[in-house]
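This report describes salt bridges in one structure. Please look at the sequence and the model before reading on.

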Amino acid sequence: MPMRINHSYNAAGTKRYLEVSDYLEADTNRFSKGRWFGKGAQLFGLEGDVDKAVFDRLVDNQHPFEDELLTQRQHANRRCGTDLTFTTPKSVSILWAETQDDAILQAVQRAAHDTLAELEKVAQTRVNHERGSMSLQKTGNLLGASFLHTTSRPVDGYPDPALHIHCYAVNATHTDGRWTAVDLSAVYRDSGLYEAIFQSKLAEQLKGLGYPVEPTSRDFEIAGFSRKTIDKFSRRTALIEAEAEARGITNALEKGQLGAKTRWRAPQKVIQRL
């Protein structure tokens, strides 16, 4: 599945959505906690596990430690941030569900954060000039937090194993001694490149753990998993593909965004180990 890019305009909804670290009704594993990322986060000394109170302040465009706005502009329909979601090949998710090997989760986090380090190099901000002209200025820093999920949204009440990581970039970047809104148009334009970087880094991480991988037309799969097994645990993907076909959507990025619009909302049931 391609990297999903979804802008967030609802601060309260964003905080509720990312407050939980999985779609299960069971206790989450220790690697599902949010992790800070970006050079912008480092400017505030934000590293390691996410403090929810601090994260909530940033989503609300508040300085994390002082009683003041983070960026100057604050209006009702402002963009709070952008959710960049990376998803592992299905066989990787099934492998983790079978083995419960925490090293696989660590590999997903490292691959995502290494990709984010490349991605933030093209972060920009808009600079307004006289007479209404505007230009883009590269800043090279992001301020965000990643949240690892281990299952898909449920279909018929049951989720499938689906390792994916939400990398939420707050709508702020630092330049010229101040914080301004971040422009991610270059990331959107080259989303396929960053998806490929993530998949490549993840494959290398997994090979280093001793898990053999084999290339596919899109990315890779863990060697030894049949297509029948992969399809069995890909019900959400099947739903999204059917919906895309019904709507005449063929673009991979648009299909990824469609995933956020097709949700089964029945009570969830905990997936059992395979």
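Asp231 and Arg227 are both part of helix α8 (residues 227-232), where they sit 4 residues apart, about one turn of the helix. Helices here are DSSP runs (H or I, at least four residues), numbered from the N terminus. The side chains of Asp231 and Arg227 form a salt bridge, at 3.3 Å from N to O. The term salt bridge stands for a side-chain nitrogen of Lys or Arg within 4 Å of a carboxyl oxygen of Asp or Glu.

The model is predicted: local features need pLDDT of at least 70, side-chain atom pairs count only at pLDDT 80 or more, and totals for chains, interfaces and linings use all residues. Residues are numbered from 1 along each chain as its sequence is written, and side-chain values use heavy atoms, leaving out hydrogens and water.

Across the whole structure, the search finds 8 salt bridges. Among them are the following.

| Salt bridge | N to O distance |
|---|---|
| Asp56 and Lys52 | 2.5 Å |
| Lys121 and Glu118 | 3.3 Å |
| Asp231 and Arg227 | 3.3 Å |

Asp56 and Lys52 belong to helix α3 (residues 52-59) and, being 4 residues apart, are separated by about one helical turn. Asp56 is buried, at 14% relative accessible area, while Lys52 is partly exposed at 35%. Buried means under 20% relative accessible area, exposed over 50%, and partly exposed in between, with a 1.4 Å probe and protein chains only.

In the other two pairs, Lys121 is partly exposed at 48% and Glu118 is partly exposed at 33%. Asp231 is partly exposed at 43%, and Arg227 is partly exposed at 48%.

How values were computed: Helix = DSSP H or I, 4+ residues; strand = E, 2+ residues; numbered from the N terminus.
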